[in-house]
Amino acid sequence: MVYDYRHELIELLNHTTGDPESLLQTQRSLTIIVDLLNQLQPADQKSSRPASQSAKPGYKIRRGVNTPKITLNHLSQTPKADASERPQRDQAANATISKAQDPQAPKVSDNQAYLRKALANQEAENNTATDNVPPELSEVELLARDNCYPVHRLLSGAEINHRFYSESILHKLPFPINDGDVVQLDRQRLIHGKLPAINRVTNDHLAISTTPTKVIEYATLEPVAGSDVLQIKKTLKGNSILDESHANTIVIDPYKYASRNLKPGMIIDFAYYDHGNGMRDAKAGEIRWIHSEHEFDTTKTPRKLQKPKKVTNQRHDYTDKLDYDLKQKHVLVVTGMRSKVQDLKPVIAKHHGVFYGLDASMEEKVSSSKLKKAVKDADLVVVCIDKIHHRISQLTTHHAKRYERPFAIANTTSNTAVERAIFRALNGQSAFESSSQEMSKYVSAD
């Protein structure tokens, strides 16, 4: 018996619509059906051929048979019926199929199931072959093979290879980074122990952002009268949206950036996404960076810092102003200025005396016994009271009176004050010098 395949073809054509995808799918199915019909033909039930050589019960593989093959052209030569004739054609086909039923109908149903299964297997193989085709790599995936990644610039900071780089990290780089730039990462060097270091910016550039980011650079924070908020109205460069009109102003709430301690006079960069709405987009932005003081002026050449001249402590030759002779007497000078102790030595030497200085800059290291021994060994005592403790001054005066040593008080540790103090002590005058004391009193009686 010959298998009647018209019902399947009619059902296939009924489910075909006019769109290109449906027509292409029907064409593929018809091609599969033609291939199967060319491979299978009815077999004689009384045939002595072993069952192992048959492809399916009731069918056998044709080998060397010169019967004409069925092609898609044969199927396409069937005239197409109109929409009004299609129901009549279906009824006629169903009637023909019902008349053709006989005791061998179960075998025909098995053949139908086999044909449907073969169609499903062929379709699955086609889908598998399509799935096995490797997808075409995108431009970003090709760059990743060389350890290069595009930069997604945010209002503050950037995202590179799904990692966030803060604005402070980007500002430390020796080159600028913009949205769409392709950078090379160094995984051997890490920032903060986790972020790969950015080596360089390559020559590639990808347009990955549909919304451009604009930056108002070097804007000055100004106070708003009668309010705690701040505002920006102009920039140092004069090339932003704020500089287009005096009415363009962006208000900034310092409490929104509490950790940055915003103050009037600061210079900032303000970033925003430009959707084409002008100032409405600008007001929705946020602060990207706060510049330090040396970054304010972007137009002038920075002034070279002049190295301060090193001032050396030059010692000038002392010229005596008073005329007296110490006749090699030992003069004790108690002072708290260690750097000037040696400068006082020429004063005593000019008047033919022997200098002996006592450093009293550290009170805890000057004991009463040390002062007593120094006073006993001296012939004349001078106390400079500008840099010593009051206790040391009192102890020195006490020991000088006790051992009857002439002494005088110098208000400052200077050559003139010490020279006058020595004159007063040598001539038995007042230990303290009054502010109204005249130079005539420093004339020797000789």
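**Salt-bridge tour**

Start by selecting Lys214: at a relative accessible area of 40%, this residue is partly exposed, a label for anything between buried (under 20% relative accessible area) and exposed (over 50%), with a 1.4 Å probe and protein chains only. Before you go on, keep in mind that this is a predicted model, where local features need pLDDT of at least 70, side-chain atom pairs count only at pLDDT 80 or more, and totals for chains, interfaces and linings use all residues. Residues are numbered from 1 along each chain as its sequence is written, and side-chain values use heavy atoms, with hydrogens and water left out.

Helices (H or I, at least four residues) and strands (E, at least two) are DSSP runs, numbered from the N terminus. Asp274 counts as buried because its relative accessible area is 18%.

Next stop: Glu167 and Arg153. Their closest N and O atoms are 3.0 Å apart in a salt bridge, joining helix H7 (residues 167-171) to strand S3 (residues 148-153). Both residues are buried.

Finally, pick Asp186 and Arg189, a salt bridge at 3.1 Å. Asp186 is buried at 17% relative accessibility, while Arg189 is partly exposed at 44%.

How many salt bridges are there by this rule? The count is five.

Technical notes. A salt bridge is a side-chain nitrogen of Lys or Arg within 4 Å of a carboxyl oxygen of Asp or Glu.
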